[in-house]
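Look at the chain below. Follow its fold from one end to the other, then turn to one pair of packed elements.

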Amino acid sequence: MMIDHIKAFSTMILTAVAGETHKEAATGGIFAIIGLLTSVLGGWDKPMQILLWLMVADYITGVLGAIKTKTVNSDIMFWGGIRKITVLFVVALAVLIDGWVSPGSFIFRALAIYFYIGREGLSVVENLGTLGVPMPDKIKGFLEQLNEKGTDRDAAKKLP
């Protein structure tokens with residue numbers, strides 16, 4: 001099944017590359033790669049769209065927060081991008097597991113996407129707090145508790 005998808009997309013890419021101009025070939029190749037990624041990630045449904053938008057929002061708000069706090073670090077930005085790619089890799093792996101365990105259903109994919117939607121959403125809210133966006137006291141208290149737990153874990157790692 002996956003081999004058929006690969007054959008179809010490789011044919012699409014070769015057809016796109018055979019365009020009349022370099023611009024046409026590049027555009028066709030980009031869309032073919034997007035189609036391949038969409039297939040590997042199990043489709044372009046609402047949960048996937050929400051996850052991708054949250055990933056973009058997290059990255060942008062993270063960069064803006066770093067600019068505001070004057071802590072911009074290209075190394076941290078690079079590894080943040082790598083983490084986003086890793087999330088997509090996990091979703092692709094979940095699609096493969098679904099095809100193996102329960103063909104035709106996307107149980108593991110849905111679980112992976114919903115988990116990462118929660119993580120990305122929480123990260124966006126934290127970044128918005130860093131940017132000074134007003135938020136309810138309950139959310140501020142929750143974020144402070146999470147921050148304290150993270151600090152406790154970091155202190156525990158430093159113990160000999």
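Read along the sequence, the pattern is α-α-α-α-α-α. That comes to six helices and zero strands. Here helices (H or I, at least four residues) and strands (E, at least two) are DSSP runs, numbered from the N terminus.

This is a predicted model: local features need pLDDT of at least 70, side-chain atom pairs count only at pLDDT 80 or more, and totals for chains, interfaces and linings use all residues. Residues are numbered from 1 along each chain as its sequence is written, and side-chain values use heavy atoms, with hydrogens and water left out.

Of the 160 residues, 24% count as buried, meaning under 20% relative accessible area with a 1.4 Å probe, protein chains only. Among contacts (heavy atoms within 4.5 Å) between residues at least 6 apart in sequence, 61% join residues at least 24 apart.

Now take one helix pair. Two packed helices are described by the angle between their axes and the distance between the axes. Axes are lines fitted to C-alpha atoms over the stretch in contact, and angles run from 0 to 180 degrees between N-to-C directions.

| Feature | Value |
|---|---|
| Helix α4 | residues 74-101 |
| Helix α5 | residues 107-130 |
| Angle between α4 and α5 | about 160° |
| Distance between the axes of α4 and α5 | 7 Å |

The angle of about 160° makes α4 roughly antiparallel to α5, a term for angles over 145 degrees. Which residues of α4 meet α5? Among them are Val 87, Val 91 and Asp 98. On the α5 side, the partners include Phe 108, Ala 112 and Tyr 116. The residues of this contact divide into twelve nonpolar, no polar and four charged.

Technical notes
Parallel < 35°, antiparallel > 145°, perpendicular 65-115°, else oblique. Nonpolar A, V, L, I, M, F, W, Y, C, P; charged D, E, K, R; others polar. Buried < 20%, exposed > 50% of the residue type's maximum accessible area, 1.4 Å probe, protein only.
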